[in-house]
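Subject: Structure handover, with notes on the two ligand sites

Hello,

Please find the structure below, followed by what I found in it.

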Amino acid sequence: MSENFDVVVIGGGPGGYVAAIRCAQLGLNTVCIDKQTNAKGASSLGGTCLNVGCIPSKALLDSSEQFHKLNHQFAAHGIHAQSVSIDVEKMQSRKNGIVKSLTSGIAQLFKANKVKFIHGTAKVVADHTVTVVNSDGELTDTFTAQHIILAPGSTPVELKSMPFNHNTIVDSTGALNFDRVPERIGIIGAGVIGLELGSVWNRLGADVIILEAMDKFLAAADPQVSKEAARQFKKQGLDIRLGAMVQSVKEESGKVTLTYTKGDSEHQEVVDRVIVAVGRRPATDGLLSSDCGVITDDRGFIEVDDDCRTSIENVWAVGDAVRGPMLAHKSSEEGVAVAERIAGGHGHVDFNTVPWVIYTAPEIAWVGKTEAELKEEGIEFKSGSFPFAATGRAKAMEEPIGFVKVVADKNTDRILGVHMVGPHVSELISECVLAMEFRASSEDLARTIHAHPTLSEAVHEAALAVEKRAIHKVG
Ligand code: FAD
Ligand code: NAD
C-alpha cells in the first residue's frame with residue numbers, strides 16, 4: 001500500500017532539505033528521501049555540501065590556513081613558534097566532527113518541522129509515484145504525492161583515461177580524506193575544487209602541480225582578478241600549468257606517472273596522489289523510470305523551465321541536477337522558491353545576483369557581469385577599483401593583497417557587477433549582492449557610510465572610484 005503526501009522530496013542536500021523544511025513550514029505534509037551514508041553506513045543528511053563538499057573543504061581550508069600563517073605570516077607580527085607540526089589525524093577528526101554536528105542538525109530540523117525522513121534510494125515511476133529501496137535493493141516504501149521535488153545533486157566527473165581507484169587516483173571526496181600529507185600531488189583541473197583542495201595540501205607541505213586543459217586561468221572571473229590570484233598562488237608555491245592535456249596515466253609501486261602535452265611538447269610528472277577535479281555531473285542515473293515522463297538532456301541534467309518545472313505537471317527539479325551554477329546557495333534558493341510556488345505563493349530566484357566565492361587565500365568573489373561580458377553584450381559601462389593595500393584594516397591584518405572593482409552602467413550608474421580578490425571577500429560580497437538586488441547605483445554605495453577601519457572601506461572606495469573620486473587612492 002502506498003502512503004500519500006502533499007510533497008515528496010528526493011535528495012537531502014541544500015536543494016532538497018531546504019525545500020522540504022519550507023514546504024512543511026507552509027503547512028504541506030512532506031517526506032524527504034535521501035540515500036547518503038556516513039563512514040559507519042548510517043544516514044547522513046545535507047548532501048554533497050555538508051558531507052563531502054562545502055563544509056569539510058572549508059574546515060580543512062581553515063586548519064591549513066592557520067598552519068600556513070603560523071609558519072609564514074606570524075613572524076611579521078613578532079610571533080615566533082618553534083617545532084610547528086601538523087597532526088593530520090586531529091585535523092581530520094575536527095573536520096569529521098563539524099560534518100557530524102551539522103548533518104545531525106538537519107535531522108533535528110526535520111523533526112522540529114515535522115518533515116518525515118526516509119533513508120533509501122528513490123525512483124520516480126509513473127503517476128506521481130515514488131518507490132524507495134534499501135541498500136540491498138529491496139523495496140521498502142511506495143509514496144504517491146501531489147507534488148514531487150527532485151534534488152538529486154551531482155557527482156564528480158570521472159575521466160576514462162584515469163578511473164578513480166580511491167587510493168592514488170581520487171575525486172574530491174578522496175582528497176578531503178588523505179590520512180597524511182602526500183609528498184607530491186598532481187591535480188587535474190584548475191577550477192574551484194582544484195584550487196581549494198590544492199591550497200589545503202600545498203599549505204600543509206605537499207608539492208602541488210595543477211594541470212589545466214584551458215589556456216586561460218579562471219576564465220569565468222574578471223581577468224584582473226584571475227591575474228592577481230594567479231600571482232599570489234604562484235608565490236605560495238602552487239604550480240599551475242595551463243594548456244596541459246593529460247595523455248596517459250601509469251601507476252607503479254604506489255607512484256603515478258602523468259604524461260601530458262603542452263603545446264607541441266610532451267612532459268611527465270611522477271606524483272604520489274592524483275586528484276581529478278574536472279567538474280561534476282548530475283546524479284540522475286536510475287532516478288527516473290522510462291515511463292515517468294520527466295525529460296533529461298544528453299548530459300543527464302533534468303530539463304526545467306525558469307520556475308524549475310519539469311516536463312511533467314507538479315514534478316519540479318532544483319539544484320545541481322538542473323541548469324545553472326552548481327552552488328549550494330543556488331540550490332537552496334531554488335528549493336525555497338519551488339516550495340512557495342507549490343503553496344500558491346510567488347517563489348523567486350534572481351540569477352543575476354548569484355554570488356561566486358572561491359575560498360583560497362586570497363579569497364576570490366564576484367557577483368554580476370564582468371567587463372568582458374558587458375563588452376560582448378554591447379553594454380556601455382564605467383568602473384572603479386581600489387586596492388586593499390590602501391586600507392588601514394588590511395595593513396593592520398598584514399594582508400594588504402588584492403582589490404575590489406565595481407562596474408556600473410555608463411548611463412544609469414546601476415551596479416552591473418562587483419569583482420574582488422583579497423582578504424575575507426567571501427563576506428564582503430554580500431553587501432554588493434544586496435546592492436544589486438535593490439538595483440542600487442554606484443553612487444548609492446558611495447553614499448553609504450562604511451565603518452572605519454574595515455575591509456569594507458575598499459568596497460566604498462571602489463564605488464567612489466567609479467566617478468574618479470576615491471579619497472585614499474593616488475591617480
Ligand atoms: P547535493 O548536495 O548533491 O545533494 C543531493 C542529495 O541527494 C545527496 O545526498 C544524494 O545522495 C541524494 N540522492 C541522489 N539521488 C538520490 C536518489 N535517487 N534517492 C535518494 N537520494 C538521492 N558550493 C558552494 O556554494 N560553496 C562551496 O564552498 C562549495 N564547496 C564545494 C566543495 C566541494 C569539494 C564540492 C564537491 C562541492 C562544493 N560545492 C560548493 C558545491 C555544492 O556542494 C553543491 O552545489 C550542492 O551540494 C548542491 O546541492 P543539491 O541539493 O543540488 O545536491
Ligand atoms: P570546475 O568546472 O570549477 O573546474 C574544472 C576545471 O577542470 C576547468 O578549469 C576545466 O577547464 C578543467 N578541465 C576539464 N577537463 C580537463 C582535463 N581533461 N584536463 C585538465 N583540465 C580539465 O569544476 P570543479 O572544480 O570540479 O568543481 C565542480 C563544481 O563544484 C563547480 O562547478 C562549483 O560550482 C562547485 N564548487 C564550488 C565551490 C565554491 O563555491 N567555493 C567549491 C568547490 C566546488
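Which of the 38 residues around ligand 1 come nearest? They are Gly15, Asp34, Thr48, Lys58 and Asp320, where a residue counts as near a molecule if one of its heavy atoms lies within 4 Å of it.

Before the rest, some conventions: this is a predicted model, in which local features need pLDDT of at least 70 and side-chain atom pairs count only at pLDDT 80 or more, while totals for chains, interfaces and linings use all residues. Residues are numbered from 1 along each chain as its sequence is written, chains are lettered from A and ligands numbered from 1 in the order in which they are written, and side-chain values use heavy atoms, with hydrogens and water left out.

**Ligand 1.** Ligand 1 exposes 1000 Å² when taken alone, and the protein buries 94% of that (accessible areas by the Shrake-Rupley method with a 1.4 Å probe). Helix 2 gives the most to the shell, with four residues (helices are DSSP runs of H or I with at least four residues, strands runs of E with at least two).

**Ligand 2.** Here the shell has 20 residues, of which Glu196, Glu212, Gly279, Met326 and Val357 come nearest. A nitrogen atom of ligand 2 lies 2.9 Å from a polar side-chain atom of Glu196, and a nitrogen atom is 2.7 Å from a polar backbone atom of Val357. Taken alone, ligand 2 exposes 850 Å², of which the protein buries 75%. Helix 6 (192-203) gives the most to this shell, with three residues.

**Domains.** The chain is divided into domain 1 (2-156 + 281-349), domain 2 (169-278) and domain 3 (354-465), with bounds from an automatic or database domain assignment. Because domain 2 and domain 3 both give residues to the shell around ligand 2, that ligand lies between them. Between domain 1 and domain 2, 17 residues of domain 1 are in contact with 16 residues of domain 2 (heavy atoms within 4.5 Å). The area buried there is about 1400 Å², with carbon and sulfur atoms giving 66% (accessible area, 1.4 Å probe, lost on putting the two parts together and summed over both).

Best wishes

Notes. Polar contact = N/O pair within 3.5 Å; in protein donor to acceptor, adjacent residues only side chain to side chain.
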